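Student: Could we go through this structure together? I would like to begin with the terms.

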Number of protein chains: 2
Amino acid sequence: MRQITIYDIANEAKVSVATVSRVLNGTAPVKVSTRAKIEALIQKYQFQPNAMARSLLSKETGIIGVILPDLTNPFFPEVFAGAELEAQESGHTFLLCNTMGLYTKESEYLNIMQEKRVDGIIFLGGRINLKDCEPHLVQEVVDHANKIPIVLVNGNLRNTELTRVVTDEYAGTVFAVRHLIELGHTQIGFIGGESHTTTTSIKLRAFRKTLRDEGLPVKEDWILTDSFSMESGRQLMQKLLELSEKPTAVCCVNDFTAIGAIKTAGEYGLKVPDDISIVGFDDIPLAHHVIPELTTVSQQASELGQTAVKVLRQMMNKGKVKKLTSLEPQLIIRQSTAPIKSPL
Amino acid sequence: MRQITIYDIANEAKVSVATVSRVLNGTAPVKVSTRAKIEALIQKYQFQPNAMARSLLSKETGIIGVILPDLTNPFFPEVFAGAELEAQESGHTFLLCNTMGLYTKESEYLNIMQEKRVDGIIFLGGRINLKDCEPHLVQEVVDHANKIPIVLVNGNLRNTELTRVVTDEYAGTVFAVRHLIELGHTQIGFIGGESHTTTTSIKLRAFRKTLRDEGLPVKEDWILTDSFSMESGRQLMQKLLELSEKPTAVCCVNDFTAIGAIKTAGEYGLKVPDDISIVGFDDIPLAHHVIPELTTVSQQASELGQTAVKVLRQMMNKGKVKKLTSLEPQLIIRQSTAPIKSPL
DNA sequence: TTGTCTCAAGCAAACATTATCCTTCCTGCA
DNA sequence: TGCAGGAAGGATAATGTTTGCTTGAGACAA
């Protein structure tokens, strides 16, 4: 079942391939009668021009590569959905690659994408989300970026000038901590993800700074980090609740850990938010379907994806681009935080 | 920053392009010294052969297209992850398209995929998930399937012989209902999704049949359908709880609606599972992080994806394929179901 | 009639590869 | 010395498009 080509159409219509091409693309006038004849044949055979051959000439594939660590984390599908929305305008589609956080896979996929000559790459998570990253891993990305436009989303690579789109996680954390303080909390804990990630370190920096600014002590026993999963949230919360002196509020690095923390609090007989307040980060869709609904900081994931595509498009058009686009997060107050009842 | 080509390498190495190609593909012997020279240049310029040109000859792109309705529903990322896992073996990557349930988008993406000459297509949800579907929409998919291997996942198109991979949703529902009956429930409600989808209709059929088989009455007031969202689950549960005579257990079409239902039950002062039992379907990761953890039927989403790729690969290799592969679901008993306390 | 202009359509190059068919050069053997 | 045979590598066609240049045919004016 050979795919039919522009030659087949041209032959049967008794015209040259050039004419068929012109009908296809409207790049030059074609007599109404011949056009009709050609269009009829295109219809008859359901002919679709071969995008490969076309790209070979035009140097454009209409494909944007997306590299992300884990589609199972609902934050990423939302970024992706935003990107897809924005990409409609320019008719781009997406080559999607899950790395499961493995750098080897990131490298592999970067290579594949270059081979396939994608028009641009959106890079989320992984090595760009590390506080520090081995020089050769950095260099590798830079090498690719010299040939293909790359946008880093919510991450960075030290000592490079790569274009980035990020949420202002620092500001977001300040919002969250201030909110807890305004509710009267003075004993506030922090549940983080992997400590060598930028996300965790930025949020932790904001957390410490805000407490200090407000004249509250920073208790290191209440600052725990592990990973970004619900399971991790459960375990760290458990540690907090086993302490002799417990916090009355906890600021979590993301919604997953926050949901885990709430679960554990329940298991320890504490009611959220009456006995303990918990605030998350991301505002994944789940956040307002969980009991109690989660107070959190919205990342505007969809907008992050949209912006990434916009920026990428500018780069593809050789336009001027801002090296750093920062989106303001927003505090979403729901049910998991409440004024302090009484110090424990 | 022009991408460098096999010619550039050949020129600088003072050999013909044929030789470089042979080094690249190992298709013929090359003297060790020339090979070394060429490899050095490849390294130096980070040369990657253009996959487009290659595909033009080989008629293979190494890309599998995936069409699905909504990546935001955690079931789909899991299927995707399974597919990706399996695709590693053959080195395929994925062109991913979200249709948001719009048939026009499905058509558009099918066309794009054919233009891009993907090696195969995995089709989830959308029109293949309807009980009935307009003939021209059916025909369109069949036309594409004549040119490119297509596998339908958890769906069907009437009067066609398209290859399918499905979970046995009928059996799964029987497991769920039997479980409730074994716990002593006799008054069981059903919360469905869109009523014109195959998923809802299959599950509903299984639901009715099982009750009848067990000699229990089917009360139509307790069978409600709307959509697959958490919000829908909340609303339908509300309707159930406003009835004068209420069920003591509810079987939900998926985990999303089940989670919504649990939430509403809580708002009505009912404890799950003490006052009312609720069972879901899908076993999304969230299911065991919610309070109470959800009793549900596991779809083995990941395996579904893996199998789809396996089948697709057989089709690509012109091998014999089973027209229908059916995966057995599994009842996962957690905390949202319990023996009946007392009839309300 | 001739020259000019315009519209429609053809020709052939270009794109980056791979595959096929050749050529050249060496080595070993009779 | 002649020659077979194999290793190494070159030349070229082929893949399916787009596009710049060219050509041919009318139309129309001088």
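Tutor: Helices (H or I, at least four residues) and strands (E, at least two) are DSSP runs, numbered from the N terminus. This is a predicted model, in which local features need pLDDT of at least 70 and side-chain atom pairs count only at pLDDT 80 or more, while totals for chains, interfaces and linings use all residues. Residues are numbered from 1 along each chain as its sequence is written, chains are lettered from A and ligands numbered from 1 in the order in which they are written, and side-chain values use heavy atoms, with hydrogens and water left out.

Student: Where does K14(B) lie?

Tutor: K14(B) is in the loop between α1 and α2 of chain B. Although not a glycine, K14(B) has a positive phi of about 60 degrees.

Student: Is K14(B) buried or exposed?

Tutor: K14(B) counts as exposed, at 75% relative accessibility. Buried means under 20% relative accessible area, exposed over 50%, and partly exposed in between (1.4 Å probe, protein chains only).

Student: And what about the phi of D283(B)?

Tutor: D283(B), also not a glycine, has a positive phi of about 60 degrees. D283(B) sits in the loop between β9 and β10 (296–298) of chain B, and is buried, with a relative accessible area of 18%.

Student: How do the two chains relate?

Tutor: Chain A is superposed on chain B by a rotation of 180 degrees with 0.0 Å of shift along its axis (RMSD 0.1 Å). The two copies are thus related as by a two-fold rotation axis. Superposition is by least squares on the C-alpha atoms of residues with pLDDT of at least 70 in both copies. In chain A, the C-alpha nearest the axis belongs to L95(A), 2.2 Å from it.

Student: What does R117(B) touch?

Tutor: Not counting residues up to four places away in sequence, R117(B) touches Q3(A), I4(A), Q48(A), P49(A), N50(A), M52(A) and T61(B). Contact means heavy atoms within 4.5 Å. R117(B) counts as buried, at 13% relative accessibility.

Student: Which side chain does E106(A) pair with?

Tutor: The side chain of E106(A) makes a polar contact with that of R127(A) (2.7 Å). A polar contact is a pair of N or O atoms within 3.5 Å; within protein, one must be able to donate a hydrogen and the other to accept it, and residues adjacent in sequence count only if both atoms are side-chain atoms. E106(A) lies in helix α6 (residues 103–115) of chain A, and is buried, with a relative accessible area of 1%.

Student: Where is the cis peptide bond in chain A?

Tutor: The cis bond joins V272(A) and P273(A), with omega about 10 degrees. P273(A) is found in the loop between α11 (255–267) and β9 (277–279) of chain A.
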